[in-house]
Amino acid sequence: MNNQVDISFDKLYNEFENRIKSLEKLPALKENTSAEKMLIEKGFSRRDFMKWAGAITAMLALPSNFTPLMADAIKVVDRLPIIWLHMAECTGCSEALLRSAHPTIDSLIFDYISLEYHETLMAAAGWQAEENIEHAMHKYKGQYILMVEGGIPTANNGSFLTIGGHAKKGLDIAKEASENAAAIFAIGTCSAFGGVQAAIPNPTGAVALSEVTHKTVINVPGCPPSEKNIVGTLMYYLLYGSLPALDAYNRPKWAYRLRIHDLCERRGHFDAGEFVENFGDEGAKDGYCLYKVGCKGPYTFNNCSKNKFNEDTSWPVQAGFGCIGCSEPNFWDTMGTVNEPLKDKLYNTTFSGLGADATADKVGLGLLVATGVGLAAHATLSAIKPPKE
Amino acid sequence: MSKRIVVDPITRIEGHLRAEVIVNDDGVVEDAFVSSTLWRGLEVIAKDRDPRNVAILMQRICGVCTYSHYLKSTMAVEDALGIKIPLNAELVRTLMNVALFIHDHVVHFYHLHGVDWVDITSALEANPAKAAKLAFKYSDSPIAAGEADLIKTQETIAKFAKHPQGMGPFANAYWGHGTYRLTPEQNLIALSHYLKALEIQRIAAKMMAIFGGKNPHPQSLVVGGVSCVMDILDPTRMSEYMENFKKLADFVDNAYYSDIKMAAEMYKDEPSVTKPIGVKNFMGVQELMIGRDEYLFDSNGYILDADISKVFEIDEDLITEEATHAWYADDEAQHPYDGTTVPNYTGFVKGQSVGPDGKMIHSENIDPKGKYSWIKSPRYDSKPMEVGPLASILVNYASGNKRVKEAVDSFLKETGLPVSALFTTLGRTAARAIQAKLIAKYGMEAFYNLIENIKVDEETCAQYIIDKNKEYKGRGIGEAPRGMLIHWIRIKNGVCENYQATVPSTWNASPIDANGVKGPYEADLVGLKIKDLSQPLEIIRIIHSYDPCIACAVHVMDTKGNKLSEYKVDPLYGGVCNV
């Protein structure tokens, strides 16, 4: 690491410290409680807590000396109210959250601390539920984080989704909630890019959240995204007080700059030209590369090969299936058949050993350049920092 | 004068659902309507896709029963192509299904349905020492119910409760409602299990991820078998599953099942959950292959009018769906080639209903004379059917499935309830726990049979070809955690020509049909007495007892009372045409 980098991290460290100090001055949403106390009550040791903070720090590509700051940040998370909306969705993203690894800290954030509205988890129903969201949007105007799960149906004037006793359209609810949010995260591919209901022929005119609001939307795609990416995005916002560096699809670079293929545990077999030809064959038993049975890892940007799912239990490539490209826009229509190579027709003649390697890399490189045009964080996005508290 | 109550959104479910009831002066429900308020059109999207892509797409119907649609869709393609998958693949699929069922039932009872039965504010008044002792009444080795656990639970909730604005997801619920029946100590035990269940559901999800790569939306089923051969052949993966299974089974036996016994004891005289249910027909099919051609729930059939002395055989050709009161145009009179049916949204009508403070306020209401839901009305031989764990348990019980019979009889004996108590809301909630207990007791047979089979056979995937010059049709049928699920596919020119799914919540949440007959949710609400019109806990308790999964229930099948196998989806218009 050269000096210049060190200096910039020093500056960042100071910025984070100041950010946390300013957040500490904000009133807690709930008195007499804090994330820290909550953790102790839930039986977490300081060590567990620091381990978690260390993991998030590493994930956000920050030096390890930022870990204590991360720990401090979690203590002020209860200053950030969160409203979570369900649009045209399957609840898989909410479920992903409930699976959160490094045990229950993530669910603590969402379940106990400042989750003002979340239809799957909240006890209130009907008018009382509607009162809760109105109350939160009013009381925390300009301060709340909006997380949206699901695509936004726009066909037939948005009538494919209504919510509440006044039958408000999902489209209008999403627009209204976006208006006064401090930051907006589109959780999952549906909310980020329209998702499965937007696949051809898109009968309900489903679109991404970013297409119905003029505010900047941070996309956290995946079907569903890992809970680490969801929580990491939130922690980033907490620490920086601004939004993360984004790629061309508004995905946080710290999570989506990695190509699945590059850190894949089966990459060695790809380079050696050793491929699974049919599911269940000898190559499958030996963990050969899944490219020829349809893996879309070379075209997909996400950190699955590094972070895995369900407390590091597995990920699709480990399960022998391969990647389906679920964090890419319109992947249902652009990634071809799940169990066939995407470019099979174009590349099967060159398909052997290094030839395949070079080919797949070229394809990946093209995409990498496209997404690398992403936005630089602080300069571009300072305009949408939350209002001065 | 009769009054209308609107509950929208019904929270703690999957999807978007509204219930409306009309009550008389005594607060008794005279009429009821249930509406799904979201349409996505996934079956339309499946058309013209590669049959190998369809299952992974149909899986996205739902992220809660995240495995069921994936499995039945894969089975539909295999049925169409005439593929018999290797035994190893069958058993691994069962192991993933075992994890799903337990996951689903535990999350449903505690996190979705739980606070309909458990008043968390009452738990604050509990004496933890007394509660710890009481826990032994319902289990020989209670979980998370020691005095120290309970004190901790109480302190956690106390902090919320002191600040009414600060209860987060627990804010503004129907706490203190007159129909809550548990004592403070019982509430405290159940609340502690609510917190513990958050951990348990993560373990269940891990079990699915061992063979599925991830959860939600696992990714290891392929047409012909499974892709996870490395995991199956790895003893450390297998033992990881086994160890986690033990934790789940322990929780099911000593927390979930014991809490159900506790609820049964306290709610057996609460009229809102012991009122006889509305639709008394039940249908169930076999599920969970635990050995070669041997199923844990091995009965197929239906029973009528709560008569368990006779089980009828299912004729799949008699399953129909229609849209008299669903937001789809009726294309009966059209020529098949022009017979496109566009969604026909007619919305709600302006009216009044009881507001949160009990006063009448303006609202958008259902017009029961017209169309009012995105869910259609499946019927069997023109009759509505309830599907789900209660139906599965009843059909197996009536068919003489020994294991099921033993489990049900022992539940009735332990709680002192008569068989008729099964045909109630309480019975429906209990049946789900009985199903979970059976899976916890016998699910590992699939595991041991897999180990035995691996010793002599490492096949995990059958080979097949899709002939572009041939036409195929097939269906995948079985039980999902919410009931009987069928996926139907037609393949032509090597692509999916037509796709349909008949989904549990569609049966249960269906609107009025052409004959004016209500589906299970609606019929169940009629006759219900509501204590406080502005706090209709009784309504959501009944609806939740079905474990609604509304994204699943809504789909595009159409026209009046026609056979399921006869539909085609027209992709251009987002509708269907009759073949």
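The structure is a predicted model.

The domain assignment divides chain A into domain 1, residues 10-254, domain 2, residues 260-344, and domain 3, residues 352-384.

The contact between the two chains joins 86 residues of chain B to 77 residues of chain A. On chain B, several elements each contribute at least two residues to the side that touches chain A, among them strands β1 (3-7) and β12 (360-365) and helices α4 (87-117), α6 (147-161) and α7 (184-212). The largest share, 10 residues, is supplied by α7(B). By class, the side of chain B that touches chain A comprises 38 nonpolar, 30 polar and 18 charged residues.

Within chain A, helix α3 covers residues 46-59. At 1.5 Å a residue, its 14 residues should span 20 Å, and the C-alpha atoms at its ends are 20 Å apart, in agreement with that expectation. The buried residues of α3(A) are Phe49(A), Trp52(A), Ala53(A), Ile56(A) and Thr57(A). Because these residues cover an arc of only 140° around the axis, they lie on the same side of α3(A). An α-helix has 3.6 residues a turn, so residues three or four places apart point the same way. Just after α3(A), Ala61(A) adopts a positive phi of about 60°.

Key: Residues are numbered from 1 along each chain as its sequence is written. Chains are lettered from A and ligands numbered from 1 in the order in which they are written. This is a predicted model: local features need pLDDT of at least 70, side-chain atom pairs count only at pLDDT 80 or more; totals for chains, interfaces and linings use all residues. Domain bounds come from an automatic or database domain assignment. Two residues are in contact if their C-beta atoms, placed from the backbone, lie within 7 Å. Helices (H or I, at least four residues) and strands (E, at least two) are DSSP runs, numbered from the N terminus. Ala, Val, Leu, Ile, Met, Phe, Trp, Tyr, Cys and Pro count as nonpolar, Asp, Glu, Lys and Arg as charged, and the others, Gly among them, as polar. The expected span of a helix is 1.5 Å times one less than its number of residues. A residue is buried if 20 or more other C-beta atoms lie within 10 Å of its own, exposed if 12 or fewer, and partly exposed in between; C-beta atoms are placed from the backbone. The arc is that of the directions from the helix axis to the C-beta atoms.
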